[in-house]
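Me: Got a structure I'd like to go through with you. Can we start with the aromatics and then look at the holes?

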Amino acid sequence: MDDSTKRILQRLIRRIPSQMLQTMLSKWAHLSREDLHSLDFTQPKWVLTEHLLALCEVDEKGLTVKHITELEMIYIIENPNQGMWHGFQLLDAEEDAPSIELTQFKEQFKANLTELISHVSIKIKKHTDEAIWIRIAWGDNFTKPNHLKPTYVVHHLQTPYVFVTGLTSKHKPLFNQALVLATRYGSIKDAQLSGRNLTAIRDLLMRQYQQVFPTKHPKPLQEKNPVPRNPNIEKEQAENTENRLQMACEAFGDGTLPQLQKAVYKLETKFRDNSNKMLTGREEPFRGVVEFASTNLLESLRHCVSSGMASTPVTPLLSSITQKGRNYFFITDKGV
């Protein structure tokens with residue numbers, strides 16, 4: 001194992017939390033049962049790291065960067081919320097796009113990307129949930145791939161949705177071109193959806209969560225865990241409570257919601273306020289940014305509506321998060 005490979009392995013081991021390290025290594029095919037038994041996972045992390053590096057440096061194992069990236073992919077797939085994920089949507093599918101199989105995709109994607117850039121390392125793995133995981137280490141025409149800063153891509157074949165993290169603006173055109181050709185689509189666009197929770201943005205964009213967007217309910221919605229109330233107060237507020245609950249479900253759905261962390265609104269409109277003629281008379285648009293943030297934004301918004309903390313009916317700017325599957329909006333005088 002050369003020095004660069006050792007350095008990559010060392011950084012990876014340090015990155016994996018101690019409590020997860022044993023599980024990750026047991027799923028990796030390059031340590032024997034005896035090797036795993038010789039490791040004391042109760043030791044301090046630095047001691048364990050040195051012992052593990054010594055095991056991996058044994059010549060008989062012949063470990064290369066390829067083997068180390070296998071361990072990294074195991075860890076990232078099991079723990080995907082390591083960075084900021086961005087959603088994209090493929091457009092203009094060709095007739096044979098739905099029939100693309102994994103083998104075809106792998107061959108074409110690798111061939112397309114290596115034609116565009118000389119030094120690039122590509123690893124593709126199919127996960128148990130049928131998702132295709134792609135790891136790309138980028139170099140250029142003169143330097144070797146940088147395995148310390150890879151791009152990760154998740155794509156479900158036969159769907160137009162792609163999720164990417166760690167992709168720079170320099171490499172984005174190359175990736176887009178290779179992916180579009182390999183999937184038999186005409187183009188790809190930014191879905192204006194991002195977050196650190198991959199499952200959340202995937203479920204939101206692909207509509208894989210329980211949605212209830214009715215215009216009318218045949219009967220009032222019932223709270224799953226009703227709280228005992230004063231009968232007189234309950235009678236007085238019953239109608240308002242039912243209406244708020246109905247509007248909250250119409251806007252955000254019922255049941256467990258995707259764990260989205262934020263929504264961003266960029267404003268570029270004409271300033272309108274008759275009491276402030278200085279700003280109202282400006283020719284340049286008024287610009288601003290509003291960001292809503294929470295550990296679970298959609299749940300927070302739904303609670304604000306159902307509890308009466310937010311006014312109803314729900315503004316389309318908020319309900320569009322679920323209805324359009326986006327959390328980034330650009331607002332002008334012409335609309336969103």
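Predicted model: local features only at pLDDT ≥ 70, side-chain atom pairs only at ≥ 80, totals over all residues.

Me: What about Trp-85 and Trp-133, how do their rings sit?

Reply: Their planes are at 85° and the centres 5.9 Å apart, so this pair is edge-to-face. Trp-85 is in strand β1 (residues 85-93) and Trp-133 in strand β3 (residues 131-138), so the pair ties together parts 48 residues apart in sequence. Strands here are DSSP runs (E, at least two residues), numbered from the N terminus.

Me: Is Trp-133 buried or exposed?

Reply: Trp-133 is buried, with a relative accessible area of 4%, and Trp-85 is buried too, at 1%. Buried means under 20% relative accessible area (1.4 Å probe, protein chains only).

Me: Which cluster does Trp-133 belong to?

Reply: Trp-85, Trp-133 and Tyr-152 form one aromatic cluster. Trp-133 and Tyr-152 pair edge-to-face, 6.4 Å centre to centre with 70° between the planes. Tyr-152 lies in strand β4 (residues 151-156) and Trp-133 in β3, so that pair ties together parts 19 residues apart in sequence.

Me: OK, holes. How many cavities of 30 Å³ or more?

Reply: Two cavities of 30 Å³ or more. On a 1 Å grid over the protein atoms alone, a cavity is a set of points where a 1.4 Å probe fits but cannot get out, and lining residues have an atom within 4 Å of a point. A volume is the space filled by probe spheres set on the points.

Me: What lines the largest cavity?

Reply: The largest cavity is about 50 Å³, and its lining includes Ala-97, His-155, Gln-158 and Tyr-185. By class, the lining has four nonpolar, four polar and no charged residues.

Me: Last one: which residues of strand β9 are on its covered face?

Reply: Phe-329 and Ile-331 are on the covered face of β9 (residues 328-332), while Tyr-328, Phe-330 and Thr-332 are on the uncovered one. In a regular strand, side chains alternate between the two faces of the sheet.

Methods. Residues numbered from 1 in each chain as written. Heavy atoms only, no water. 1 Å grid on protein atoms, 1.4 Å probe; cavity = no way out; pocket = protein on both sides within 12 Å on 5 of 7 lines; lining within 4 Å. Nonpolar A, V, L, I, M, F, W, Y, C, P; charged D, E, K, R; others polar. Phe/Tyr/Trp six-rings, centres within 6.5 Å; stacked < 30°, edge-to-face > 60°. Helix = DSSP H or I, 4+ residues; strand = E, 2+ residues; numbered from the N terminus. Buried < 20%, exposed > 50% of the residue type's maximum accessible area, 1.4 Å probe, protein only.
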